[in-house]
Amino acid sequence: MSEKKYNPREIEAEAQKFWEEKKVFEVSEDPGKEKFYCLCMFPYPSGRLHMGHVRNYTIGDVISRYQRMQGKNVLQPMGWDAFGLPAEGAAIKNKMAPAQWTRENIQYMKHQLKLLGFGYDWTRELATCDPSYYRWEQWMFTRLYEKGLAYRDKAIVNWDPVENTVLANEQVIDGKGWRSGATIERRELPQWFLRITNYCEELLSGLDDVEWPEQVKVMQRNWIGRSEGFEIDFRLSESEEIITAYTTRPDTLFGATYMALAPEHPLVQASAKNNTRVSKFLEETKSQSVSEEALEKMDKIGVPLGVTAINPVSGESIPVWAANFVLMTYGTGSIMSVPAHDQRDFDFAKKYGLNIKPVIVPKKGSSDHNFEVSAFIDQGELINSEEFNDLDSNEAKITIGDRLVSNGLAKKVINYRLRDWLISRQRYWGAPIPVLTNEQEEIYTEKDENLPVVLPEDVQFDGVQSPIKSMKEFFEVTLENEETHIRETDTFDTFMESSWYYARFCSADSQEKMLDERAKYWLPVDLYIGGIEHAILHLLYARFYHRLLRDEGLVDGDEPFKRLLTQGMVLNNGAKMSKSLGNTVDPEEMINNYGADTVRLFMMFTAPPEQSLEWSDKAINGSFRFLKRLWTLVQSRRDDLLNTEEIHPQAHLNEKQAILRRKTHQTIAKVSDDIGRRYTFNTAIAAVMELVNDLNVFQIEDEMDQKVAKEAITSVLLLLSPIVPHICNRLWLDLGFDQPIIDEVWPKHNPDLMMTDTLEIIVQVNGKLRSKITVDGSIENTELEQLVLMDEKIKKYTDNQTIKKIIIVPKKLVNIVI
């Protein structure tokens with residue numbers, strides 16, 4: 001018969017129409033079936049998909065389709081992280097309301113996602129800007145406020161002068177706003193917080209229970225920053241006033257030669273009233289960030305307060321300084337500075353001519369340290385420390401620490417680097433915080449029956465300030481008793497919405513509850529997929545919020561995401577794709593040129609998911625050519641394969657048939673492992689391509705040839721169907737199958753059919769590859785040893801040498817130890 005031409009546009013539209021009409025991907029709870037919840041981090045609706053989206057969502061779709069073929073009840077939803085500052089910028093630029101801009105973008109991007117054939121349950125679609133979504137976030141906030149887990153307090157914050165809003169510490173990078181790039185200023189403002197610090201220990205220990213990349217776990221552990229130390233009291237020489245400093249190194253206490261206080265410390269604030277140098281210093285520090293990362297990199301400056309403190313172990317008087325590198329929000333806002341053993345303290349002491357007193361030196365036998373050049377920050381032996389001399393650092397930490405505690409001069413504490421989560425933003429396009437304040441400045445949360453507090457969407461921008469801050473009809477609320485309350489005009493940080501969306505997908509249509517019993521069936525998410533750049537912000541907040549939901553009785557279990565897959569970026573000419581660099585590639589243009597299956601195949605084949613992927617016009621052409629070869633192969637063999645029966649278990653195969661069948665089952669085994677366990681889609685595709693190459697040269701000459709070829713071709717289609725589902729859907733039907741391939745089960749390999757008559761054995765000498773030999777598959781170890789030792793390549797290394805032992809890994813390698 002004449003071959004039909006491969007027409008991606010036609011076959012992809014056909015498959016997508018079938019899936020939609022048959023509601024193939026709509027799922028409900030089935031307690032008798034193993035569930036698999038696969039979720040990709042939902043996108044911000046910026047207007048168009050980019051290649052990073054395509055890669056992320058293709059990975060999720062391939063795994064979801066694979067798990068469906070394993071017989072599992074698979075949930076794969078999609079929604080929109082729809083609040084955020086870019087919509088405000090677009091509103092000002094395009095003179096349209098953020099809501100309109102956002103919803104138009106959602107519709108267009110949804111169209112693009114459908115073009116790619118992703119198997120989403122669209123009945124669960126949500127957008128975080130919809131009142132039906134943020135209503136429950138507001139409800140949860142009122143519960144947290146009642147429990148004391150949400151609170152308002154004045155705080156020194158990071159102010160972004162371009163965005164006109166406060167940023168969390170995590171959103172300040174190198175002293176600049178994470179989006180605007182503006183230099184961050186230091187301001188004191190009333191803000192709303194969630195007490196994430198109440199959960200520090202849980203958030204740390206929970207990392208042991210999830211299958212996440214170790215790199216992400218380390219980043220979270222470091223950000224939480226648990227440390228065990230001592231709060232030590234230093235009495236001022238001039239009064240009975242006490243300054244308490246936190247340290248993890250009491251072994252260095254004899255080397256504390258000055259104290260450094262944060263600009264906001266009460267002693268510094270008091271000093272500024274009468275000391276012009278101090279007040280000038282405070283003015284200078286107003287423009288600096290309050291994040292630790294920024295403080296590490298900025299120029300260290302300070303000013304003496306004109307008072308001294310008593311070192312509690314040496315009795316020496318040491319000067320007290322205000323310094324810009326001390327954070328009021330970490331520890332006690334004051335530090336004992338030990339310049340001989342801390343590089344930051346050393347640099348500050350050198351700059352201002354302060355005393356540097358070594359109290360720890362390298363252990364005997366180690367090289368000496370030059371304290372004129374740098375601080376010695378390692379462990380060692382104590383000197384200049386009176387009766388503690390010659391103790392090693394670890395002993396001294398315990399001994400000196402215990403002495404201080406017993407003398408009432410210190411207490412043991414556990415400290416955390418993590419600060420409470422600042423959740424209020426001075427922007428418009430976000431969920432309103434459901435809080436009212438009366439004339440006596442008493443705070444009330446909105447009653448349940450008044451929720452949601454709906455964000456007005458028909459607004460106009462006058463500059464960059466939030467329009468609701470000047471809308472009396474929004475913020476002035478008159479109660480039944482005619483008393484006027486003022487509504488909060490700050491909005492939630494958009495990370496609030498993304499911290500629980502995964503759970504709302506489970507019962508997205510619930511009108512009565514934030515989450516209902518369906519959430520307990522689907523959660524936790526079995527596989528979460530997204531970029532490693534979210535390791536601290538989103539992933540930490542989501543883990544915290546899940547525990548809040550748990551404590552409210554809404555979910556079971558402690559962790560939201562069982563397994564995490566972090567995919568690499570998509571690059572072009574070695575750089576991340578970016579409009580500013582002019583190196584973006586439009587996914588829709590690629591779909592129009594090659595078809596969705598080609599784009600999906602390229603994304604899966606070019607690199608393992610955790611590595612960066614380099615865009616290549618040549619490679620995407622290669623993916624397209626492979627699909628055309630696959631199409632031609634099936635269409636050209638179609639007449640031979642229609643109505644062909646399966647191979648009988650006792651059937652006799654000739655050599656060429658046995659070779660192809662062995663290759664088929666070896667390929668099934670490899671692809672099953674690569675997709676199901678290792679997530680190495682590129683090697684899975686390479687294995688299928690090898691099988692396709694073998695099929696192309698396989699000559700069909702009799703009925704058994706037909707049976708063997710059909711088994712191989714149907715296996716190819718089943719193995720590729722999660723990756724290139726459209727072409728496999730059509731070819732499967734063309735082979736005469738009644739049931740669509742989406743409803744087929746994953747093929748199983750037969751280990752007996754994978755056995756080969758010959759084996760290739762790797763031969764090593766002292767662990768280094770020296771030769772390869774081909775042997776009979778049933779060879780005994782003694783005979784294998786003899787063959788190896790007779791190999792000419794091996795004799796070069798073993799002649800005149802003593803062979804200590806020979807290690808044999810069955811069917812794989814021989815290692816000769818000489």
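Biologist: Buried means under 20% relative accessible area, exposed over 50%, and partly exposed in between, with a 1.4 Å probe and protein chains only. On that scale, is Arg550 buried or exposed?

Modeller: Arg550 counts as buried, because its relative accessibility is 18%. Before going on: this is a predicted model, so local features need pLDDT of at least 70, side-chain atom pairs count only at pLDDT 80 or more, and totals for chains, interfaces and linings use all residues. Residues are numbered from 1 along each chain as its sequence is written, and side-chain values use heavy atoms, leaving out hydrogens and water.

Biologist: What does Arg550 form a salt bridge with?

Modeller: Asp551, with the closest N and O atoms 2.9 Å apart. A salt bridge here is a side-chain nitrogen of Lys or Arg within 4 Å of a carboxyl oxygen of Asp or Glu. Asp551 counts as partly exposed, because its relative accessibility is 37%.

Biologist: Which residues are linked with Arg550 and Asp551 in a network of salt bridges?

Modeller: Glu202, Arg543, Arg547, Asp558 and Glu559 are linked with them in that network.

Biologist: How many salt bridges does the rule give?

Modeller: The count comes to 54. One joins Arg187 to Glu185, at 3.3 Å between the closest N and O atoms. Arg187 is partly exposed because its relative accessibility is 35%, and Glu185 is also partly exposed, at 25%.

Biologist: What about Lys795, which side chain does it meet in a salt bridge?

Modeller: That of Glu792, at 3.8 Å from N to O. Both lie in helix H25 (residues 792-798), three residues apart, about one turn of the helix. Glu792 counts as exposed because its relative accessibility is 55%, whereas Lys795, at 29%, counts as partly exposed. Helices (H or I, at least four residues) and strands (E, at least two) are DSSP runs numbered from the N terminus.

Biologist: How many helices and strands are there in the chain?

Modeller: The protein chain has 25 helices and 32 strands.

Biologist: Take S32, then. Which strands does S32 pair with?

Modeller: Strand S29 (residues 758-765) runs parallel to S32 (residues 813-817), and four bridges join them. Strand S31 (residues 805-809) pairs with S32 in the antiparallel sense over five bridges. Two strands pair if DSSP finds at least two bridges between them.

Biologist: Which residues stand opposite each other there?

Modeller: Val765 stands opposite Ile816 in S32, and Lys805 has Val817 of S32 as its bridge partner. In a regular strand the side chains alternate between the two faces of the sheet.

Biologist: What sits between S31 and S32?

Modeller: Three residues, and the two strands form a hairpin. Lys811, in the turn, has a positive phi of about 70°.

Biologist: Changing topic. Where is Thr664, and what does it touch?

Modeller: Thr664 is in helix H20 (residues 655-678). Leaving out residues up to four places away in sequence, Thr664 touches Leu691, Glu711, Ala712 and Ser715; contact means heavy atoms within 4.5 Å. Thr664 counts as buried because its relative accessibility is 0%.

Biologist: And what are the totals for the chain as a whole?

Modeller: Of its 818 residues, 55% count as buried. The C-alpha trace spans about 105 × 90 × 50 Å along its principal axes. Among contacts with a separation of 6 or more, 72% come from residues 24 or more positions apart.
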